[in-house]
Amino acid sequence: MCGIVGYAGRRRAMGILLDSLKRLEYRGYDSAGIAVVGNGLQVYKDKGFIANLEAQLPSLEGTTGLAHTRWATHGPPSKVNAHPHVDCAGRIALAHNGIIENFAELRDRLKEKGHAFRSETDTESLVHLVESHYEGDLEAAVRSALREVRGSYAIAAVSSEEPGIVVGARNESPLVVGVGPDETFLASDVPALLKHTDKVLYMMDREMVVLTPDGAVIKDLEGRPVDREPQRITWTLEDAEKGGFEHFMLKEIFEQPAAIHETLLGRVANLDVNGFFLDGFTSVKLVACGTSYHAALAGKYILEEIAGVPASAELASEYRYSHGPQERPLVILLSQSGETADTLGAAREAKRRGCKTLAICNVIGSSLTREADKTIYTRAGLEIGVAATKTFVTQLVGLYLIALRLGLDRGTLGDEEADRLKDELRSLPRAVQGILNRADDIRALAEKYGDARDIFYIGRHVNYPIAMEGALKLKEISYIHAEAYAAGELKHGPLALLTPQTPVLAVAVRDHTYEKMRSNIGEVNARGSPVVGVGTEGDRELPKFVDDVIWVPELSPVFVPVPVTVAMQLFAYHAARKRGCPIDKPRNLAKSVTVE
Ligand code: M6R
């Protein structure tokens with residue numbers, strides 16, 4: 001968690017650092033800080049957003065520096081816990097993303113040697129450790145310090161004695177280096193660099209980098225040079241900005257037809273999904289966190305329905321510590337960022353159990369894609385809003401492709417049926433566009449129900465995880481308490497919570513569960529709770545049982561989750577907007593969760 005940036009060049013560092021840092025604010029915004037080496041080491045930090053820090057900064061001279069935006073792990077959000085942290089002599093400043101696991105042991109040892117600690121963070125032990133090794137060579141001191149550290153880190157460090165140099169390092173937390181003429185950069189993520197360069201070097205675990213205006217030199221932790229060619233980034237800065245929409249989330253919702261189209265491009269006819277190795281598996285385990293876990297759960301139904309393969313889904317944080325049976329399923333790991341610590345841990349656990357691993361991921365070169373045996377990239381483009389939208393629907397698309405391939409390979413899916421499903425798959429961008437065209441109707445409903453304290457979501461079969469995703473979207477951005485249930489479960493307890501003030505959003509599309517859903521809606525009607533039905537276009541029955549309807553196009557039931565999801569995203573977005581919530585940066589959350 002957290003975002004870091006670094007700059008070594010010939011321009012004034014302050015503006016560049018702040019501007020770049022703002023593009024990482026999705027990674028956390030509990031506090032922000034900056035260190036610039038100019039006339040000595042100048043460090044400023046404060047609690048809250050970057051704008052708050054910026055408002056109080058004097059003009060800082062100096063062409064070298066680093067900055068940090070924090071998502072708190074050790075020590076509450078406060079000025080004293082904000083990064084960068086500084087050594088006792090006030091010469092070295094260091095910013096960190098990750099967790100130093102042996103920080104307590106290091107802190108006790110360093111305190112005994114006389115180092116004075118000011119904060120409650122794990123990071124501060126690292127800056128004092130670097131100080132204890134410092135003899136005028138920051139690179140050497142950081143290298144020696146990191147040899148004593150256990151845990152995950154992406155760091156940037158500067159010393160007032162070495163103007164013109166920024167030292168960076170990474171282990172299990174993301175870090176990219178940007179290279180421009182007469183200047184170099186480092187950052188937790190590419191958007192921070194795009195304004196200045198499209199040439200990047202991806203750092204690997206246990207590597208260090210030294211930035212100077214003349215270039216970036218990467219070495220391993222033993223000091224051996226690493227030869228790495230820069231890659232060109234095709235995302236433009238505009239991609240990373242809002243493009244006229246009020247929020248990134250809304251922009252990303254509207255990008256979904258294109259994102260689905262891109263993800264399908266060149267893959268449907270031959271079902272070419274990256275050198276497949278699906279033969280020989282009798283079952284599939286899908287593992288992920290948060291929204292990606294909802295895609296995993298939907299994937300269980302999709303794989304069973306299309307390919308007839310036994311599948312199960314598990315939360316990555318649970319899978320890691322479970323004692324799986326002896327069989328070796330194919331393990332599919334889903335992650336937008338490819339940096340989620342729990343999912344990375346699950347990937348390692350799957351390998352330890354001797355399973356083949358397949359990642360479905362949106363970020364090229366991310367840690368998960370390097371851990372997994374194979375990767376299918378979703379091609380959703382950059383997603384900035386903390387609430388995942390287009391990356392979720394493209395994960396579903398990835399799962400459809402895998403299911404079709406698997407079904408054909410196993411002989412559980414006939415050619416004719418596969419062709420029919422492929423045609424429908426190709427029609428999904430159109431189906432989603434149909435929902436987007438009706439965004440105003442969904443907005444009216446969201447505004448009608450957006451004052452509720454609690455909202456329930458119900459669905460059955462593959463629409464049960466979609467109800468879970470709808471509820472998660474609503475709670476994370478609007479702060480309305482939302483619960484999702486498999487509709488058949490209501491009568492086993494949750495019905496007790498329903499009152500006329502508790503709207504229920506029920507996915508009641510025309511599939512094999514339709515009649516049962518109608519009965520469940522009847523149970524809700526009997527408690528006087530208003531019902532918003534999500535129904536199949538042309539269904540004349542549903543309006544008789546519900547108060548309002550959101551229509552979705554008629555598709556094979558297995559594909560219906562895609563337009564239903566989009567409708568739920570819009571519902572959540574407009575409810576949050578009505579309530580004036582900070583939609584792209586919900587409280588307490590961060591886009592990429594790189595801690596366990
Ligand atoms: O990057 P990942 O897909 O691995 O992230 C997993 C979750 O943290 C993430 O899906 C989170 O639940 C969403 N931001 C919620 O919208």
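**A walk through the model**

Modeller: Ala316 sits in helix H9, residues 316-319. Helices here are DSSP runs of H or I with at least four residues, strands are runs of E with at least two, and both are numbered from the N terminus. This is a predicted model, in which local features need pLDDT of at least 70, side-chain atom pairs count only at pLDDT 80 or more, and totals for chains, interfaces and linings use all residues. Residues are numbered from 1 along each chain as its sequence is written, and side-chain values use heavy atoms, with hydrogens and water left out.

Colleague: Is Ala316 buried or exposed?

Modeller: Buried means under 20% relative accessible area, exposed means over 50%, and partly exposed is in between (1.4 Å probe, protein chains only). Ala316 has 0% relative accessibility, so Ala316 counts as buried.

Colleague: How far apart are the C-alpha atoms of Ala316 and Asp342?

Modeller: Along the chain, the two are 26 residues apart.

Colleague: How far apart in space are Thr565 and Gly493?

Modeller: Thr565 belongs to helix H18. At 2% relative accessibility, Thr565 is buried. Thr565 and Gly493 are 72 residues apart in sequence, and C-alpha to C-alpha they are 26 Å apart.

Colleague: Which peptide bond is cis, and where is its proline?

Modeller: The bond runs from His83 to Pro84, with omega near 0 degrees. Pro84 lies in the loop between strand S4 (64-70) and strand S5 (85-86).

Colleague: What is the phi of His461, and is the residue buried or exposed, or partly exposed?

Modeller: His461 is not a glycine, yet its phi is positive, about 55 degrees. The residue is in the loop between strand S20 (454-459) and H16. Its relative accessibility is 23%, so His461 counts as partly exposed.

Colleague: Is Asn588 buried or exposed?

Modeller: Asn588 is in the segment after helix H18 (561-578). Its phi is positive too, near 65 degrees, in a residue other than glycine. With a relative accessible area of 60%, Asn588 is exposed.

Colleague: Now the ligand. How many residues surround the ligand?

Modeller: A residue counts as near if one of its heavy atoms lies within 4 Å. The closest are Ser292, Ser335, Ser337, Thr340 and Glu476. The total is 14.

Colleague: Which backbone lies 2.9 Å from an oxygen atom of the ligand?

Modeller: Polar side-chain atoms of Ser335 and Glu476 each lie 2.6 Å from an oxygen atom of the ligand. The backbone N or O atom at 2.9 Å from a ligand oxygen belongs to Ala388.

Colleague: Which element gives the largest share of the shell around the ligand?

Modeller: Helix H8 (290-307) and helix H16 (463-478) are the elements that give two or more residues to the shell. The largest share is three residues, and comes from H8.

Notes:
Polar contact = N/O pair within 3.5 Å; in protein donor to acceptor, adjacent residues only side chain to side chain.
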